[in-house]
Amino acid sequence: MKENLKKHRILTGVAASSGIAVGRALFINRASGGSFSTEIIHPKHFVREEKRLERAVADQACEFENAETKVRGMSQEQSDLLEAYSMICRDPKLMELARKAIRQDRLPAGLAWEKAVRSVLKSFEKIDVPYLRERAEDVKSVGSRVAARLRGRKAEPSPALGCRVIMAHDLTPADTLALAPENILALATEMGGQTSHTGILARGQRLPCVVGVTGLEEAARDGAMVIVDGIRGLVIVNPMPDELAAYQKKQELLNLFEARLRQEAHLPAKTEDGCRVRVYGNIETTNDALRIRDLGGEGIGLYRTEFGYLSRLDLPTEEELYADYTRIVRGMAPDRVVLRTLDIGADKSLAGIPKLEESNPVLGLRSIRLSLYCPDLLRSQCRAILRAATHGNAALMFPMVSGLRELRQAKGIIEEARRELLERGEPCAENLPVGVMIELPSSVFLAPALAKEADFFSIGSNDLIQYILGVDRENKYVSYLYQPLHSAVLEAVRQVVEAARQAGIRVSVCGEMASDPFCLPLLMAMGIDEFSVTPQAIPILKYLIRRLNMPELRKLLAQVYDKVSTETTRRLMEKYMNGRFSQELQFINLGAKEDA
Ligand code: PEP
Ligand code: MG
């Protein structure tokens with residue numbers, strides 16, 4: 001049995017916060033379990049149960065609100081999260097549902113509260129957006145903390161720790177905040193995905209973190225030596241002596257590398273031979289925008305505005321959108337903010353818009369097609385963007401444009417929005433640049449025509465690869481076919497750059513391909529001059545760019561054009577980048593590695 005406990009295990013998960021930690025495991029369990037009385041209550045106890053409910057909710061909300069003063073060095077993200085927690089806690093809808101359950105179903109406060117939480121969670125179930133599925137987790141975790149109070153339990157106390165690697169089935173932000181960061185080396189959880197809050201919090205505290213680690217609970221015992229590799233998404237339990245030594249060395253080198261990245265983050269993205277490109281950030285919420293500058297980003301190349309619609313149960317008003325966009329545009333001025341209009345599919349339904357039955361939603365009424373199907377929705381968003389653009393340097397971009405007709409129709413809606421604003425006497429941007437996302441094969445073929453009517457192009461490589469290769473970007477069974485270095489993909493990029501150059505417009509890449517170190521040299525050689533990437537990738541991307549040189553990259557590209565096999569191209573790129581950045585590549589998250 002003892003032998004078994006010391007078993008060497010390599011577990012894989014999702015690398016949620018970069019870094020490496022070596023230390024002893026401490027498994028913490030969440031407050032859970034216990035049961036409420038199932039008894040039906042007498043009407044004379046309605047008021048008593050309502051009072052218990054109100055007290056539990058108010059106390060829990062206060063705990064979230066006061067946490068900020070207790071945790072030193074809390075990041076903006078963490079405090080935003082706590083604010084969101086307290087808002088969920090105080091949400092009148094939840095309270096109304098719980099009160100109804102007390103009075104109509106005659107349930108005691110605890111059961112009534114749980115019923116209310118379940119019914120809110122049901123509305124999240126149909127939403128197929130990872131970010132929002134994680135938000136359902138927030139409702140769950142707030143719900144369970146209030147429920148624990150109604151069971152008469154106090155929130156879990158902060159365990160007395162030496163320096164430890166904290167492991168758990170799942171960690172709510174409230175759990176994480178209850179731990180003193182100076183005692184934690186890293187976090188690892190069985191549950192969670194790339195966008196889970198454990199990862200967000202860990203990044204805020206600069207703690208290595210791996211989430212979604214299958215088998216963690218079974219393999220990790222308190223006190224076991226563990227390595228958390230937040231770069232490759234690995235947790236090694238009871239490592240071998242040579243593994244331990246190698247990781248300790250790697251950790252030292254990583255610290256030096258990160259210090260170097262921080263020093264250089266604000267230097268221009270200019271190659272060794274002086275070719276200047278721009279590096280922007282992709283954001284999903286207003287809060288993400290705050291980090292872009294600190295990380296050395298030169299603006300926002302893609303604001304996925306749909307998140308402002310999806311995170312609510314009704315449609316946002318023009319005023320709400322205007323306030324949101326203005327905050328970002330003003331905050332980033334004079335740097336550019338590219339606002340992409342609503343990009344949702346029929347699988348991600350919006351409250352306020354009837355859900356359609358579609359057998360192929362990815363090929364259905366999504367993106368710009370949906371916006372044109374609901375022109376009032378697009379017009380309202382365009383009005384908000386035109387107004388916000390008066391406060392700084394903004395541009396608008398349409399997703400998934402398939403051809404000229406769609407582009408003209410969409411631009412027509414901008415003009416209608418502008419007329420409406422003028423009639424209302426509202427200030428609006430006169431020369432709002434309008435860009436087209438190149439995400440469909442048809443837009444690649446039509447790039448020369450589209451370039452004449454667009455102010456810029458942005459290649460959405462995530463979708464472009466999906467549609468060129470006919471590979472569902474979310475389907476793990478065909479993910480081996482999803483190849484950014486496929487010659488058809490590279491040829492598409494080449495054609496788009498050529499069309500943009502002929503028309504004298506700029507072209508960026510804003511999909512994941514832009515931050516793939518094996519694609520970056522080829523994109524640069526083809527003439528891509530703007531990259532928009534996930535915020536954490538900005539410093540490393542600038543670091544790599546500053547060490548590349550264009551004549552060498554062009555030679556590399558010529559060699560790639562000679563190859564037809566994706567494998568040969570991949571090997572060539574790996575050889576080149578490993579030769580140039582042998583040290584650095586070990587610190588870059590290169591995506592899930594099957595053989596890791
Ligand atoms: C893309 O498709 O590359 C893109 C940036 O858009 P999204 O990932 O939001 O579809
Ligand atoms: Mg896309």
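Begin by selecting ligand 1, which is surrounded by 13 residues, the closest being Arg304, Glu439, Gly460, Asn462 and Arg473; a residue is near a molecule if one of its heavy atoms lies within 4 Å of it. The model is predicted, with local features requiring pLDDT of at least 70 and side-chain atom pairs pLDDT 80 or more, while totals for chains, interfaces and linings use all residues. Residues are numbered from 1 along each chain as its sequence is written, chains are lettered from A and ligands numbered from 1 in the order in which they are written, and side-chain values use heavy atoms, without hydrogens and water.

**Ligand 1 and its shell**

Display the side chain of glutamate 439: one of its polar atoms lies 2.8 Å from an oxygen atom of ligand 1. Turn next to the backbone, where a polar atom of asparagine 462 is 2.7 Å from an oxygen atom of the ligand and a polar atom of glycine 460 is 3.3 Å from an oxygen atom of the ligand. Of the 290 Å² that ligand 1 exposes when taken alone, the protein buries 95%; accessible areas come from the Shrake-Rupley method with a 1.4 Å probe, and for residues only the protein chains shown count as cover.

Colour β10 (299-304) and α19 (461-469), the elements that give two or more residues to this shell. Helix α19 provides the largest share, three residues. Helices (H or I, at least four residues) and strands (E, at least two) are DSSP runs, numbered from the N terminus. By class, the shell has three nonpolar, four polar and six charged residues. Here Ala, Val, Leu, Ile, Met, Phe, Trp, Tyr, Cys and Pro count as nonpolar, Asp, Glu, Lys and Arg as charged, and the others, Gly among them, as polar.

**The magnesium ion**

Select ligand 2 now. Which residues coordinate the magnesium ion? They are Glu439 (OE) and Asp463 (OD), at 2.0 to 2.1 Å. Glutamate 439 belongs to the loop between β13 (434-438) and α17 (441-445) and aspartate 463 to helix α19, so the pair ties together parts that are 24 residues apart in sequence. Donors are N, O and S atoms within 2.8 Å of the metal (3.2 Å for Na, K and Ca); water is not among the atoms, so sites may look incomplete.

Are these two residues buried or exposed? Glutamate 439 is buried at 2% relative accessibility, and aspartate 463 is buried at 3%. Buried means under 20% relative accessible area, exposed over 50%, and partly exposed in between (1.4 Å probe, protein chains only).

**Arginine 366**

Move to arginine 366, in the loop between β11 (336-340) and α14 (368-373). This arginine is buried, with a relative accessible area of 9%. Its side chain makes a polar contact with the side chain of tyrosine 467 at 2.7 Å. A polar contact is a pair of N or O atoms within 3.5 Å; within protein, one must be able to donate a hydrogen and the other to accept it, and residues adjacent in sequence count only if both atoms are side-chain atoms.

Select valine 329 in helix α13 (residues 318-332), which is buried at 0% relative accessible area. Its C-alpha atom is 6.6 Å from that of asparagine 393, 64 residues apart along the chain.

Finish at leucine 421 in helix α16 (residues 404-424), buried at 0% relative accessibility. The C-alpha atoms of leucine 421 and alanine 384 are 9.6 Å apart.
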